[in-house]
Amino acid sequence: MAEAKKSESVSKDAVGGVSIDNVGKKKDIDPVPMVQVKSGFAGWTLRGGRVICPATETDAVLDIRIDDGVITAMEPPGVIPYEASDIDVSGLIVTPGLIDFHVHTAQAMSCYGVCADRNGIASGVCHVNDMAGVGWLAPNVMREYTKEVITPMTATIYSAGCGNPENWAIGCPDVCAASTDEKLLEGAIRANPDLFTSIKVHCDIGFLSCYGDEPLRGYHTARRVARRLDIPLYLHLGLFTQHDGHLSEIFDSLMAEIVDTLAPGDVIGHVLSYKPGTIFEKDVDHWTKLLAHDDLHWEVGHGANLCFDMAKEWKKNGKPLLISTDAHMMKPHLGMVDSQATLPHQRGPLQRLTLVGTMSKLRNVGYSLTEVIRGASEIPARALRIDDKMGRLSVGRPATITVMEDRAGHFVYADSRGAKLPATQALLPRMSVVAGRAWRLFPEKLIEFEAELNGGKPLSRGDASAKLANQGLESFDDEDELTAIEETPDEQNRRSASAM
Ligand SMILES: [Zn+2]
């Protein structure tokens with residue numbers, strides 16, 4: 001309850017005298033500090049930022065012209081005529097809209113869900129993929145949730161647990177044993193092809209144990225559906241559920257069968273985990289075979305799994321990472337092998353996981369800025385098969401963009417085991433743009449950004465590189481500039497029509 005109280009006082013706060021209460025949903029428990037400053041129909045130019053788009057191999061200071069939600073020009077400074085409505089982001093980093101592949105949302109269904117807008121647009125993330133928040137029983141719950149939030153969403157459907165959300169299944173593992181239904185799973189996805197991007201299946205020894213004499217029944221059921229529908233499987237690796245040890249002898253052969261039946265585009269989850277049953281048991285044959293695949297996606301899924309030592313080790317194999325948060329509200333360092341810890345009354349404090357924070361951690365481990373941007377834009381766009389709309393910045397594509405500050409200072413990041421990492425650079429979200437709609441962001445209002453804000457050097461007002469940041473922090477007493485824009489009903493209709 002202490003958490004909720006703290007959050008509430010944040011939500012009642014105002015930014016430069018202008019209330020931020022009117023912009024987020026679920027403000028009572030999850031304040032969403034962001035102010036919309038552009039509709040999707042305005043014509044304006046995002047000026048002077050350092051544009052880093054790994055997919056197009058761009059790293060240059062460019063102005064980006066946006067009309068009617070679409071990028072209509074990208075030019076060096078001085079080419080696009082200036083207008084009063086332009087936004088100056090000089091000194092900041094401009095990237096394709098970031099995508100978080102792995103977030104537990106839909107709080108009403110999940111005992112550990114977070115608000116998709118708070119982890120989404122308010123944190124510089126322009127698309128959130130819910131991870132297993134629903135199964136085949138109630139896909140409409142996720143459909144309705146996506147309508148409640150502003151951040152564009154897709155979802156990975158859960159394949160076990162009698163069609164329930166993942167967290168219900170792991171709270172009651174006995175139910176999982178007879179929990180998979182091929183027809184119902186396929187039917188739910190066929191009925192919602194725009195919503196469900198992939199299918200989640202657990203491949204840890206504890207979960208396979210739930211299936212008794214047929215440990216791979218759940219895996220093969222999910223796999224057959226995925227292959228028929230031509231969507232990827234998401235495989236959770238690493239010990240997750242308690243087990244009685246009856247599979248210990250044959251676990252390697254079970255995993256070998258799984259590795260043999262993967263398909264291009266499948267996503268291997270939690271590859272930087274330190275837990276038993278993950279890739280860094282290097283002397284195990286099936287992992288060597290797995291790593292020989294070059295057409296899979298390798299997902300970070302920070303949550304309770306990120307290990308800095310593993311991240312350093314992974315760097316050596318050269319495989320690009322799909323960077324994601326696995327943001328949820330479960331108690332840190334608890335619950336992954338103790339199913340009881342997932343009960344609602346044991347819901348823990350916010351884990352403070354953000355996508356830009358996860359990117360910063362990996363960057364300070366040794367990944368380049370370009371690599372971490374690619375891992376949070378181009379690669380998840382391909383994994384979710386939304387790369388026609390997202391993952392790169394170029395003329396003619398939707399203007400879906402993240403603007404970040406690259407703050408220098410002395411920061412301390414922690415991995416999921418509590419190992420500390422001293423860091424000198426930290427990314428902070430400053431603006432999210434989704435199909436031309438733009439929001440200014442206030443990470444100072446979110447405890448998730450505590451590490452970045454405590455360690456950073458104070459920004460000087462006169463520093464051009466901090467211009468937008470200063471507008472966010474202090475100069476928002478200019479009411480004209482600050483007032484959140486309202487779309488007309490006509491614009492709202494056009495937007496929802498164009499979103500189809
Ligand atoms: Zn997760």
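The confidence that the predictor assigns to each residue, on a scale from 0 to 100, is called pLDDT, and two residues are said to be in contact if their C-beta atoms, placed from the backbone, lie within 7 Å. This is a predicted model, in which local features need pLDDT of at least 70 and side-chain atom pairs count only at pLDDT 80 or more, whereas totals for chains, interfaces and linings use all residues. Residues are numbered from 1 along each chain as its sequence is written.

Over residues 457-483 pLDDT stays under 50, and the model has 38 contacts beyond four places in sequence for them; over residues 332-349 pLDDT also stays under 50, with 37 such contacts. The chain as a whole averages a pLDDT of 82, and 78% of its residues score at least 70.

The chain holds 18 helices and 19 strands, taken as DSSP runs numbered from the N terminus (helices H or I, at least four residues; strands E, at least two). Of its 500 residues, 51% count as buried, a residue being buried if 20 or more other C-beta atoms lie within 10 Å of its own, exposed if 12 or fewer, and partly exposed in between.

A nonpolar core is a set of buried Ala, Val, Leu, Ile, Met, Phe, Trp, Tyr and Cys residues joined through C-beta atoms within 7 Å. The largest one here has 127 residues, and those with the most contacts inside it are Ile99, Ile157, Ile199, Leu322 and Ile323. Strand β18 (residues 420-434) gives the most to this core, with six residues. Beyond its neighbours within four places in sequence, Ile199 is in contact with residues that include Ile157, Ala222, Val225 and Ala226.

Ala222, Val225 and Ala226 are also among the buried residues of helix α8, and what covers the buried residues of this helix includes α6 (182-191), β12 (196-202), β13 (233-236) and α9 (251-260). The 13 residues of α8 (residues 217-229) should span 18 Å at 1.5 Å a residue, and its end C-alpha atoms are 18 Å apart, which agrees; the expected span is 1.5 Å times one less than the number of residues. Aspartate 230, whose phi is positive, near 55°, follows α8.

Elsewhere, serine 123 sits in the loop between α2 (116-119) and β10 (125-131), and this residue counts as buried because it has 31 C-beta neighbours inside 10 Å. Its C-alpha atom is separated by 8.1 Å from that of serine 432, although the two residues are 309 apart along the chain.
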